[in-house]
Amino acid sequence: MSLLLLVFMAVIGSASPDAATGANETLRRPSGHSLDDSHHPRNSSEHRKAFPVLAFNYEHVSKPFVISLWILLALLMKLGFHLIPRVSHIVPESCLLIFVGLLVGGIIKAMDQTPPVLDTKLFFLYLLPPIILDAGYFLPIRPFTENMGTILVFAVVGTLWNAFFIGGMMFAVCQIEAAQVGHVDLLSCLLFGSIISAVDPVAVLAVFEEIHINELLHILVFGESLLNDAVTVVLYHLFEEFAHEGTVTVGDALLGVVSFFVVSVGGVMVGFIYGVLGAFTSRFTSHSRVIEPLFVFLYSYMAYLSAEVFHLSGIMSLIACGVIMRPYVEANISHKSYTTIKYFLKMWSSVSETLIFIFLGVSTVEGPHNWNWIFVIFTLILCLLSRVLGVVGLTFIINKFRIIKLTKKDQFIVAYGGLRGAIAFSLGFLLTDTEKKDMFLTAIITVIFFTVFVQGMTIRPLVELLAVKKKKESKASINEEIHTQFLDHLLTGIEDICGHYGHHHWKDKLNRFNRKYVKKWLIAGDRSSEPQLISFYNKMEMKEAMMLVESGSAAKLYHDNCSSVAFQQRAPPKQRAIPSISKTREQEIRKILRANLQKTRQRLRSYSRHDLFSDPFEDSMSEIRFRKQRVQMERRMSHYLTVPANRQETPSARKVWFEPEHKVYTYDESESPRDGAALETLPDTVSLLSESPQRPGQSSRLRKRGDTEPSANAPDSQEEPQKLSRCFSDPETLQNK
C-alpha cells in the first residue's frame, strides 16, 4: 500500500508544468475569453468555449498533499510493523523505518525524481520539538532528580570527553598518508567530534522503550541524551567559529566556557518563564475547556522558538517548560483536556519520530557521499572506544558518592545504549565546506546505521542474557506511595537532626515554598490548599465518574457523586428519613440489645438472623442480672461514702454442681453434692433465686450459727430450704466465684 502511494506521488510530481499552467489559465478564465475577444463583446458568443466540468491543478495543493502522503506512509509502516509480532520482537522499529526510507529513496531515485532530504530547518523546527515536549512533559521527576548528579556528569563531562577524544584521535588519523585526508585540520576534527559525540534522544527513546529496561538505566541514558544538548550546541558553534577564524586564544576558550553556562542556564530560564505563564493562564480556563490543550502546546513551542532565537538550548527550554507546567496545569484543567494533551503529544511525537527515520533513509540514498574507508572505520572504532572509556572512568568516580552503586551490567548497558541519530546528521548537514561536509556526513551516517541497526537489534538479547532488571509494569500501590512519602519525611528529619543539608532537606524546603506561595497563584480554587489525601480522593472520584460516564450510567453518576455545593444550589437539604418500626418490634430490639450489649463477657445465646424473637426465660434472667448489678453498685457506693462500725465477715465460698437441662445446685464447702442425704433434702421443684438482695449475714453458714446470735429472722432463715438457681453465666465467671 505504501509503495502504491509512493508511485502515485511520483507520478503526480512528474506532471508537466505546462499542463498545470494551462489548468491555472482555465481556472482563471473559465469563460474562455481571449484578449481580442475582450475588445469585441458582440462576437464573444460565437467563440465561447464550454464550461470546464473537471480541471487539474496539482501545483495548488502540492505541498500539503505531499506532506499528507508522507504522514500516511509513515502511519501505514508503523501499523504494519506492529501487526507482525515476530518482526517487531527482533527488529527495532527505528531500523525498519530507516530500511523503508532506503527503499522509498531508491524507488524515487530510479524514477529520476529528486527525493526529499532531511533538511535542518525541517528537523529542528518541526520534527524535533514534539518528541522533546512529550519526553519533558511526562518526564519521571523523582528518578530524574534523584539521579541528577550522575546524569549531569555523563551529559557534560562525558560529552566533553567524547568530543575532544574523538576529535584529537581523528586528527592523528588524518595525518596518515594512506588516508589522503591531510587537508583536515585540528579545528575541523574537533568540530566533527562535537557533532558525533552526543547521544541522540530520538534513537534512545525508540530503542529503550521497546526493551522495557529498568527505570534507573533508562533515566540515566535518556537524561544524558536530553541534557547534553547544551554542550553539543556550544561546542558546535564554538569550533565552527574557530574553524573560520583559524586561531584560538585563551580568551576565546574562557568565552566558550561562559557560553556553555549562558546557553544551558538561559535555556532553562526561558522554559521556566513560559512554564509559569502557561500554568497561570490555565487558572482562568474553567469556562472554556476546549482551548486548554492549545495553551500547553503553544507555550511549549514558543519556549523552544524563543530559545532558538538567542542560540540557547531549545531542548532544555522545552524540558524545563514541560516540567514546570505539568503539575499546575493538571490541577486546573479538566480530565478530558488532560486526556487530549496526553494522547495528542504521544501521537505527534510518534509521527515525528517515524518521519525522522524515514527521511534519514531517503537522505542516505540522495547523498552526495565521499567514502573514505580509513576515516569511516576509525570514526566508528573511536566512537565505541570513547564511549566505553568514558562510562567506565566516570562510573568509577560516581560510585564513590552514590548509595546505590552502578554495577558492571549497568555500566555495559549505559555504554552500549549510547546511540547516535538524526541530530548528528542535521548538524553535519549545516556545514558549509563541501568536500569536508560530504566526508563527514558519510561517516556520520555510517555511525548512525551501526548504532541503530547493530546495537539497537542486539541490545534486547544482551539484556535478557545478562538478566538485567526490567521495568516494573504495574503502578505503585497506595501502600507503597504512603511508605515512600513516610521515608522521605523520615530522611528529611534525620538530615535536620544531623545538620546535613542533603537533597531531602532542599526538596522539603522547595515543597513548603510551593505549597505556601506558588500554588496560591498558579492553581485556582481550593485545590491549592487541600491536603494530598483529599486531592487523591478527588482524583479517584473523578476516575470513577469517568468510568460511569463511559459505561452509560450518567443518571447514577448524577445521584451518587453530586457535590454538596451543587446539591444545595438545586434543592434545600432534606432531613434523613427514619424508617418506621412498630412498637412491638422496637421493644423486641431493645430487649435483644440490653441482653447482648450490657455484659460482653457473657456467652450469648444463639438466635436466628431471620427471627428476632427472644426467649422469655432470657428476659427474666436479664432483669435479675441487672438488679444484682445495681445492688452491687449501691453497696460499693455506700462503702466509699460511709465507714462501717464493724467490718462484716467475708461470705463463704459457694460452689456449683451442674446437672442436665441447665440445672445448677448451690452448696457450701462443708456440704457435698454427691452425698445422698444432701440430695434428699433438695426440693422437687426448681425455683429461681429471690430477686431481693442477700446480705452477707444471710449465708447458710451464718444461719447455722444463728442460735447464739439474736436475730428476728433466724427461725425463718433456718427453716428456709436451699434454693436452686438456673444460670447462663460464663464458666470462667462461675469458676471465679
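Me: Buried means under 20% relative accessible area. In this predicted model, why is glutamate 93 called buried?

Reply: Glutamate 93 has a relative accessible area of 7%. The cut-off is under 20%, so the label is buried.

Me: What makes glutamate 93 and lysine 78 a salt bridge?

Reply: Their side chains meet at 2.3 Å, N to O. The rule asks for a Lys or Arg nitrogen within 4 Å of a carboxyl oxygen of Asp or Glu, so the pair qualifies. Glutamate 93 lies in helix α5 and lysine 78 in helix α3, so the bridge ties together parts that are 15 residues apart in sequence. Lysine 78, with a relative accessible area of 17%, is buried. The structure holds 11 salt bridges.

Me: Why does the pair of lysine 436 and aspartate 185 count as a salt bridge?

Reply: The closest N and O atoms are 3.8 Å apart. The limit is within 4 Å, so the pair counts. Lysine 436 sits in helix α20 (residues 434-465), and aspartate 185 in the loop between α8 and α9. The pair therefore ties together parts 251 residues apart in sequence.

Me: Why is the pair of phenylalanine 295 and tyrosine 299 called stacked?

Reply: The ring centres are 6.2 Å apart and the planes stand at 25 degrees. Pairing needs centres within 6.5 Å, and stacking needs planes under 30 degrees apart, so the name is stacked. Phenylalanine 295 and tyrosine 299 are four residues apart in helix α14 (residues 292-309). Phenylalanine 295 is partly exposed, with a relative accessible area of 26%.

Me: How many aromatic pairs are there, and what makes the one of phenylalanine 192 and phenylalanine 375 tilted?

Reply: The count is 21 aromatic pairs. For phenylalanine 192 and phenylalanine 375, the angle between the planes is 50 degrees, at 5.3 Å centre to centre. Stacked needs under 30 degrees and edge-to-face over 60, so this pair falls in the rest: tilted. Phenylalanine 192 lies in helix α9 and phenylalanine 375 in helix α17, 183 residues apart. Phenylalanine 192 and phenylalanine 375 are buried. Ring pairs link Phe192, Phe375 and Phe440 into a cluster.

Me: Why is valine 221 called buried, and which residues does valine 221 touch?

Reply: Its relative accessibility is 0%. That is under 20%, so buried is the label. Valine 221 lies in helix α11 (residues 215-227). Beyond four places away in sequence, valine 221 touches Val204, Phe208, Val414 and Gly417.

Me: What lets phenylalanine 272 count as partly exposed?

Reply: Phenylalanine 272 has 38% relative accessibility, hence partly exposed. The residue lies in helix α13 (residues 250-282). Phe272 is one of the residues making a nonpolar surface patch of about 640 Å², alongside others including Val257 and Leu277. Patch members need over 30% relative accessible area, so 38% passes.

Notes
Residues are numbered from 1 along each chain as its sequence is written. This is a predicted model: local features need pLDDT of at least 70, side-chain atom pairs count only at pLDDT 80 or more; totals for chains, interfaces and linings use all residues. Side-chain values use heavy atoms; hydrogens and water are left out. Patches are made of residues with over 30% relative accessible area and no salt bridge: like charges are joined within 9 Å, nonpolar side chains (Val, Leu, Ile, Met, Phe, Trp, Tyr) within 5 Å. Accessible areas come from the Shrake-Rupley method with a 1.4 Å probe; for residues, only the protein chains shown count as cover. Helices (H or I, at least four residues) and strands (E, at least two) are DSSP runs, numbered from the N terminus. Buried means under 20% relative accessible area, exposed over 50%, partly exposed in between (1.4 Å probe, protein chains only). Rings of Phe, Tyr and Trp (its six-membered ring) pair if their centres lie within 6.5 Å; planes under 30 degrees apart count as stacked, over 60 as edge-to-face and the rest as tilted. Contact means heavy atoms within 4.5 Å.
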